[in-house]
Amino acid sequence: QMCIRDRFNTMNTSANATTSTTWVYDTYSQLDFTLNSDSHVIIIAQYGNMNGETIGSHGLAVRLELDNVALTNTERQSAPTGGNMANKIVTLYYDYLLAGSHTLKTQYKALYSGEYARISRRQIIAIAIPETYFIP
């Protein structure tokens with residue numbers, strides 16, 4: 001058996017928007033956490049916006065960055081919505097991290113030039129299961 005030892009969470013409802021088609025940071029979704037021991041870490045991140053908020057009809061893309069390394073395998077795109085429609089993106093990530101401080105950030109971009117990419121709701125959860133914390 002194993003036991004979840006640590007859970008880290010950030011949630012914010014402030015809006016960020018860009019028309020950039022290259023990656024920029026969502027300044028409201030940084031999660032700093034410290035592991036006391038080497039751990040298996042599962043990260044669940046959810047992003048979205050509400051109906052009526054300005055967003056391009058082709059959607060947006062998001063990806064995670066861990067300790068200044070872009071996690072390209074976490075890149076997800078929202079479905080095209082027709083513009084100003086609510087949407088949601090969820091991405092998952094697993095890694096084995098060494099004890100110490102870690103920083104998780106979100107990057108996002110517009111998919112088409114001149115369109116808005118907007119994130120107004122986000123939540124990131126990191127669940128850590130220490131390597132040495134197994135129950136016989």
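The model is predicted: local features need pLDDT of at least 70, side-chain atom pairs count only at pLDDT 80 or more, and totals for chains, interfaces and linings use all residues. Residues are numbered from 1 along each chain as its sequence is written, and side-chain values use heavy atoms, with hydrogens and water left out. Helices (H or I, at least four residues) and strands (E, at least two) are DSSP runs, numbered from the N terminus.

**Gly59**

- Gly59 sits in the loop between strand E5 (39-49) and strand E6 (60-66).
- Gly59 counts as buried because its relative accessibility is 0%. Buried means under 20% relative accessible area, exposed means over 50%, and partly exposed is in between (1.4 Å probe, protein chains only).
- Leaving out residues up to four places away in sequence, Gly59 touches Ser78, Ala110, Leu111 and Glu115. Contact here means heavy atoms within 4.5 Å.
- Gly59 and Leu111 are 52 residues apart along the chain, yet 6.4 Å separates their C-alpha atoms.

**The nonpolar patch**

- Ile42, Ile44, Val90, Leu92, Tyr94, Tyr96 and Leu98 make a nonpolar surface patch of about 630 Å².
- Patch residues have over 30% relative accessible area and no salt bridge; like charges are joined within 9 Å, and nonpolar side chains (Val, Leu, Ile, Met, Phe, Trp, Tyr) within 5 Å. Accessible areas come from the Shrake-Rupley method with a 1.4 Å probe; for residues, only the protein chains shown count as cover.
- Strands E5 and E8 (87-97) each supply at least two of the patch residues. E8 gives the largest share, four residues.
- Tyr94 lies in strand E8. Tyr94 counts as partly exposed because its relative accessible area is 46%.

**The salt bridge**

- The count comes to one salt bridge, defined as a side-chain nitrogen of Lys or Arg within 4 Å of a carboxyl oxygen of Asp or Glu.
- In a salt bridge, the side chains of Arg122 and Asp26 meet at 2.8 Å, N to O. This pair links distant parts of the chain, 96 residues apart: Arg122 is in strand E11 (residues 121-130), and Asp26 is in the loop between strand E3 (24-25) and strand E4 (31-35).
- Arg122 counts as buried because its relative accessibility is 3%. Asp26 is buried too, with a relative accessible area of 3%.

**A charge over a ring**

- Lys105 lies over the face of Tyr25, 5.1 Å from the ring centre. The rule asks for NZ of Lys or CZ of Arg within 6 Å of the ring centre and within 35 degrees of the ring normal.
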